[in-house]
Amino acid sequence: MELHIPTQIAIVSIPIILFTCISSSSSLSSSLSPSNLHPLVVDSMLEHLNYTAISEFRLLNRRRILECSDGNPYLQINVSGNATMGDEEYLTVNVTGVLVPADNHWIAMISPSDADASYCPLNKVMYVQTGDLSHLPLLCHYPVKAQYLSRDPDYLSCKKKECKEYKDGQCVLTTCGSSLTFHVLNIRTDIEFVLFAGGFTIPCVLKRSNSLTFANPNQPLYGHLSSIDSTGTSMRITWVSGGKEPQKVQYGDGKSQTSEVSSFSRDDMCSKVVPSPAKDFGWHDPGYIHSAVMTGLQPSTSYSYKYGSDSVGWSNKVQFRTPPAGGSNELKFLAYGDMGKAPLDDTVEHYIQPGSVSVAKAVLDDVDSGNVDAIFHIGDISYATGFLVEWDFFLHHISPFASRVSYMTAIGNHERGYVDSGARYITPDSGGECGIPYETYFPMPTPAKDKPWYSIEQASVHFTVISTEHDWSENSEQYQWMKGDMASVDRSKTPWLVFMGLKTLKTTDIKCADPIFLDAVEPLLLDNKADLVLFGHMHNYERTCSVFQNECKAMPKKDQSGVDIYDHSNYSAPVQVVIGMAGFRLGEFTDK
């Protein structure tokens, strides 16, 4: 969206861009061109086209893992490649020696490989927080990803035959095999592949592979930028490494800054008497999160940087651009909510947002074109929801563009919501994360920990970013902050006021709009002449007229190119837009 400030008239131009599900011709990689995509990336598109993120695999947890009563001496798992893995690999996993192929055979990638999944309590109450109350109990240690052996089209028909026994020169015993490809990222801990029978509902172990390790578990990875203030002269770079000693960012002409190092532990996760996924079977060690502020920059200027150290290694050099300073003229920014990530292979993972891959490709294309100054991701970030390894997957997903422009975020229910945690809405939606991983991975210019609201100015726009997951009622700290922040905007410097958070004020899906939230916040928006209100949560795109208390105060007019123009030179009410369409399959609209 481009915001132009003419001398005497204020106009908001909002092109309507709907991110829809991917097609077979789309590129699924945010960092690769269609010509050099791995074939499995293309092949998996239709698999995830209408995926709703609910599957048998997502409900795998807390089950006593039994050894199958299978005396097959021929069964083997072999993994292609070197004994140690790079930071991103497509591994071919070959299963051979299967006597009778079955459609309930599947293979899981488990990390760490020494996880004790031999016994867990078989107690139904342990599953309330997983969302499944009917097919219980399941695995103790949650697999990182998995796929059925029948994903190999030659498996059930046994086209990959091997003779194992001969008699009088004739083959008397053949076995079958399957070859599957796994996209593997450097998650620092070693991995193993485990072959199961019984499907995802009654699994038992048939065979385990040898353990595989990463060549450099301390490698600095997944860098992403954020603004620390409105000047455009400083930028924060945050990255992940297995190394706990401070590292550096080197940038510009020989400048460097040393990182501050943080992390979080299993004990930091929220839980009740019933352990949460984050504290129990979904836990994965996050390594160490490094953050450093590059200072002495100029706004709207391109620089390069790399991060790491001589002892653990360095990232590739990255070109980035600082945002325009508050008070300058034009800003071009992208905004969306509810993104998440999706696998770049045929596997299933805990949570899949199929549209996220094509959206990431579109974002990267815009950043490549030089038409983006900043990105605002306004909540429901990774959807790890207590399965901590998926933060690494998400950071890898956004790094190609989040490492090049300011990537600002807001917290959502899938980052913060948990029972008795102080969240506004009592849900288990964060899986016990309670905002701790989010605030560690995405340090924003907020007043304090667990007060994830802030404002920032870029060019002619003042952004007020709130947390819909914390108390916003009239007597709350956040409400008083919102009121003071919007009232203090110097409209001669930043004439545009954009207000954003996750949960929506208005949507056609009435059950997902909170009337108490609307009553509390909407008058503030009108009193302070907010121009544009951006919310997610609903997995759709919706846009209103200039609206207050369910009454259209003004309608847009189309320009010669068909773009809707909202003329705010005679302000009447905010325009509200739902932008939660960046990952999930789009929801159905109500007929009412």
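**Reading loops and a helix pair**

User: Where is proline 112 found?

Analyst: Proline 112 sits in the loop between strand S7 (106-110) and strand S8 (145-148). Strands (E, at least two residues) and helices (H or I, at least four) are DSSP runs, numbered from the N terminus. This is a predicted model: local features need pLDDT of at least 70, side-chain atom pairs count only at pLDDT 80 or more, and totals for chains, interfaces and linings use all residues. Residues are numbered from 1 along each chain as its sequence is written, and side-chain values use heavy atoms, with hydrogens and water left out.

User: Which peptide bond is cis, and which residue has a positive phi although it is not a glycine?

Analyst: Most peptide bonds are trans, and most residues other than glycine have a negative phi. Here a cis bond joins serine 111 to proline 112, with omega about 0°. Alanine 459 has a phi of about 55°. Alanine 459 is in the loop between strand S26 (454-458) and strand S27 (461-465).

User: At what angle do H2 and H3 pack?

Analyst: Two packed helices are described by the angle and the distance between their axes. Helix H2 (residues 355-368) and helix H3 (residues 389-402) pack at about 15°, axes 9 Å apart. That makes H2 roughly parallel to H3 (angles under 35 degrees). Axes are lines fitted to C-alpha atoms over the stretch in contact, with angles from 0 to 180 degrees between N-to-C directions.

User: Which residues make the contact?

Analyst: H2 gives Ser356, Val357, Ala360, Val363, Leu364 and Val367. H3 gives His397, Pro400 and Phe401. Contact means heavy atoms within 4.5 Å.

Key:
Angles under 35 degrees count as roughly parallel, over 145 as roughly antiparallel, 65 to 115 as roughly perpendicular and the rest as oblique.
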